Amino acid sequence: MLETKFFNKKIKNPIFLASGVLGMTKGSLETACDNGCGGVIAKSLTMEPRKGHEGPNIVEVECGILNAMGYPNPGIDYGLKEFGGWDREEALVISIVGKDAKEFGMLAEKVETVKKELGASAIEAAISCPHTPGYGTMAGQGTPESVMEIVGAIRDKCKLPLIVKLSPSIPGEGKAAEAAQKAGADVINMGNSLGPGMKIDINRKKPVLGFGVGGLTGPAVKPIIVRCVYDIYKTVKIPIIATGGITTGEDAVEMIMAGASWISVGSAVYYRSPKVFGEIAKEMKSWMELNGYKKLAELKGAAHEKI
Amino acid sequence: MKRFEINNKIYTNKIRKVIGENYRVKSIEIDHDMTKALPGQFIMIWLPGIGERPMSIGNNVPLTISVANVGNISGEICKLKAGDKLSYRGPYGKPFSVPEKAKQILVVGGGYGIVPMYFLAKAARESEIEPFAVVGGKTEKDLIYQKPLFAVCKEVFITTDDGSKGRKGNVMVEVDDLLQKKKFDCVYACGPEKMMYFVAQACRKQNIPCQVSLERYMKCGTGVCGSCAINGKFTCVDGPVFTAEEAFAASEFGKKHRDATGQAKDW
């Protein structure tokens, strides 16, 4: 009932582990798979290894989580070896983050070189982190012009299907998505954490996060992501992954009705443990059964249908 | 007004007492009776503007941690005095579990690994289980928690690498003997990972249940970020306490850990 295609693979459901959550090691990606996801998006890889921001890296707020990890990762060379040799039925997506188009191109080239041994189904370019200096929205990435340039640079070097992860915090996501499509992206991932936001501890009179500010995720951001997915679905032809606040099967159904082909889950691991992948799948199934749907295709973009 | 529930509250309380344990370890008693904290669990200590580190809980009433001055954050914690504020979240992680109807247990602590072992021994004694302890250190001055440990344990055996106190050698010289002579319902270990590996191996040979408390680089403490992965398990929520079976199932146990970037390093 939930089976779907993801480029070279038929996957058992459209639920992905979002990048940055759990996936620091190959073993942890496998844990997400063992718990029932259809695919995984690995931790984003940078040119050099990064330790990330000093803690606290995460703080719970009303209806959501603020996080400022700062892209801790072992670096592209180590990371491709760590995640490589992927032979599971679930799809693997390699995520890359660069400081500019040139660096994205270099990262993409490294992925292309080991493409065969890697076993990845796609590559994702994250250009939307709101809390890491030199990257994402803090580096002005995500405008239609910079999207064109970055996607173009990756497309030149890597032939794997390309996912572009956009921020919901930039004005005119539709324009950025159009630019990505025009430059040769195969999928839009909407989106990333919102903000940045801040949590001040009133007893200590200080921002809690080590970096001061962090991206907001969790149920609080879901309505914004639903709206972004809905808008992007109207502006581009390429398929969409929805990321942001999906915690239950009904949330996943809502995103698919807005126009998503797949969804990815991050913060829900905080609320419901890695078991959340299988649980969301089960909840989607029971909702569909209860409402007489047999295939995901019947739901996709349903909110756009004219009566 | 009723507000949305937040699970991971940050507590701020005053430090009641600071006790110098040895040349580099200090114990900090906090003005907080954290009755829900169990042996083996940890808290995340937050120093505003400096950083955050996981610390093993040495006692719950009052909440006590012991800090070795080995890095910039632990160094800053060691500078704190009675009356200063301390902020933290937790308790986190899976605690030790004691088999039902257990009569005798053995706790093995290497260096400041004795901290959660004392808390466990104390809790066991309160449930009328007899704890035995083996404590190891490099030299006599590395041994901590001696007085409280002797107070709650039936017997305490000491080893030092240089023989300055107790038997010369590592904890295994006593552990191997004890496993032959006495019957334990479960053996618990905390300390350097290689030490825990050998303790767990010795128990496996004799079919004695064993639990170890593993340490990994940790960021979120709540099972989301993946930094503390040991193979596919997460030390902050699946551990830090693992049964010997769970530990041996992880190929990295006793061999490798991950640094802050996620690269594997030899222990």
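Student: How many residues of chain B are in contact with how many of chain A?
Tutor: In contact here means that two C-beta atoms, placed from the backbone, lie within 7 Å. By that test, 29 residues of chain B are in contact with 36 residues of chain A. The side of chain B that touches chain A divides into 10 nonpolar, 15 polar and four charged residues. For those classes, Ala, Val, Leu, Ile, Met, Phe, Trp, Tyr, Cys and Pro count as nonpolar, Asp, Glu, Lys and Arg as charged, and the others, Gly among them, as polar.

Student: What kind of model is this?
Tutor: This is a predicted model, in which local features need pLDDT of at least 70 and side-chain atom pairs count only at pLDDT 80 or more, while totals for chains, interfaces and linings use all residues. Residues are numbered from 1 along each chain as its sequence is written, and chains are lettered from A and ligands numbered from 1 in the order in which they are written.

Student: Why is R24(B) called partly exposed?
Tutor: A residue is buried with 20 or more other C-beta atoms within 10 Å of its own, exposed with 12 or fewer, and partly exposed in between. R24(B) has 17 such atoms within 10 Å, so it goes into the partly exposed class. R24(B) sits in the loop between β1 (11-20) and β2 (25-30) of chain B, and apart from residues up to four places away in sequence it touches A68(B) and N69(B).

Student: What makes β5 and β11 of chain A edge strands?
Tutor: Strands pair if DSSP finds at least two bridges between them. The open sheet of four strands runs β5-β6-β14-β11 (chain A), with antiparallel pairing. β5 (58-61) and β11 (194-197) each have a single partner strand, so one side of each is left without a neighbour in the sheet. The twist of this sheet averages 30 degrees from one strand to the next.

Student: How do you know that β6 and β14 of chain A pair?
Tutor: Three bridges join β6 (residues 64-67) and β14 (residues 214-217) in the antiparallel sense, and the cut-off is at least two. In that pair, I65(A) stands opposite T217(A).

Student: Which strands of chain A close into a barrel?
Tutor: Eight of them, in the order β3-β4-β7-β8-β9-β10-β15-β16, with parallel pairing. One of the pairs is β7 (residues 91-96) with β8 (residues 122-126), held by four bridges, where I94(A) stands opposite I123(A). Helix α7(A) packs on the sheet, touching β10 (187-190) and β15 (240-243), and its direction makes about 170 degrees with that of β15(A).

Student: What does UniProt place on chain B?
Tutor: An unreviewed entry puts "domain: FAD-binding FR-type" at residues 8-98 of chain B. That span is 8% helix and 51% strand, and its end C-alpha atoms lie 27 Å apart.

Methods. Helix = DSSP H or I, 4+ residues; strand = E, 2+ residues; numbered from the N terminus. Axes fitted to C-alpha atoms, helices over the stretch in contact; angles between N-to-C directions. UniProt positions renumbered as here; feature names shortened; annotations may be inferred.
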